[in-house]
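Subject: Structure handover

Hello,

Here is the structure for you to take over. My notes follow below it.

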Amino acid sequence: MIVQEKYPLTNGLTIPKVGFGTWMIDDEAVVQAVRDALEIGYRHIDTAQAYGNENGVGEAIRTSGVDRSDIFLTSKVAAEYKTYETAAKSIDESLEKLGLETIYLMLIHAPQPWAEFREANYDQGNIEVWHALEDAVKQGKIRTIGLSNFNQRDVENILKHATIKPVINQILAHISNTPFGLLNFCKENDILVEAYSPVGHGELMKNEEVTEMSKKYRVSVPQLAIGYCLELGLVPLPKSANKQHIKSNSELDFHLSKEDMEQLMNIKAIDNYGDSSNFPVYNKK
């Protein structure tokens with residue numbers, strides 16, 4: 001089952017190739033969604049302080065009947081925390097909300113607070129947060145650490161000051177919006193890339209070219225989009241609160257041809273993400 005296959009990380013750990021995303025699933029609904037995902041076979045769950053659902057994610061993990069050591073859990077330090085003290089405190093608060101002793105992977109959610117995304121310099125703040133993450137690893141609170149929404153310059157800033165290198169950069173990446181330059185840079189630096197919104201926050205469902213190719217492979221558009229990320233060696237993070245969709249998103253027993261990948265890699269970029277365009281990551285900042 002591909003959702004349980006794993007990539008090796010540079011620090012000796014492994015990470016499941018497909019994760020289950022929980023953004024915009026509230027604290028109550030996320031309990032059942034995560035339980036369903038774990039029952040179906042997912043072993044990689046992604047949450048964040050900013051999602052407001054760490055309580056529910058933790059409850060689902062603790063009561064799932066799946067051995068805790070088999071579940072790779074990710075959370076993220078909120079983008080607004082840019083000091084050592086606020087980051088360190090937030091890590092302890094995440095552990096308390098989750099009701100767990102260890103978080104497998106903790107990321108810095110963004111290089112700038114969302115209100116200033118891509119518009120301000122928080123290099124020093126990010127270094128402080130990184131040092132708080134490194135200390136949390138040394139204290140056994142976190143197994144490994146990484147980044148989210150960091151562009152090349154932001155990653156370079158961390159690499160210059162890190163005693164523990166980031167193993168992950170989680171970014172927006174999908175058919176019609178694949179930042180190949182950043183992917184190559186991360187690969188050169190042994191940083192595995194996770195792809196959130198692999199279905200383009202639903203916008204790919206409207207793309208006729210993508211729809212036609214999904215019919216060729218007899219898969220759904222979401223399956224095709226998740227498979228595209230896997231062909232690129234990324235960790236896709238599909239999200240749904242619908243059990244049928246959660247299951248379908250895990251059924252990925254197909255491979256895309258080189259020619260079809262080439263076509264998908266050159267699909268026209270999405271002009272806008274509809275109602276979601278107000279989110280910084282979707283408004284092309």
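Start with the charges. The protein has 29 positive and 40 negative side chains, with Lys and Arg counted as positive, Asp and Glu as negative, and His and the chain ends left out. The centres of the two sets lie 2 Å apart, taking each charge at NZ of Lys, CZ of Arg, CG of Asp or CD of Glu.

A word on the source. This is a predicted model, where local features need pLDDT of at least 70 and side-chain atom pairs pLDDT 80 or more, while totals for chains, interfaces and linings use all residues. Residues are numbered from 1 along each chain as its sequence is written, and side-chain values use heavy atoms, without hydrogens or water.

Next, the fold. There are 10 helices and 10 strands; these are DSSP runs numbered from the N terminus, helices (H or I) of at least four residues and strands (E) of at least two. Eight strands form an open sheet with parallel pairing, in the order 3-4-5-6-7-8-9-10. Pairing requires at least two DSSP bridges between two strands. Strand 6 (residues 103-108) and strand 7 (residues 142-148) run parallel, with five bridges. Leu105 has Thr144 as its bridge partner in strand 7.

Last, the packing. Of the 285 residues, 55% are buried, meaning under 20% relative accessible area with a 1.4 Å probe, protein chains only. The C-alpha atoms fill a box of roughly 50 × 45 × 35 Å along the principal axes.

Best wishes

Conventions
Buried < 20%, exposed > 50% of the residue type's maximum accessible area, 1.4 Å probe, protein only.
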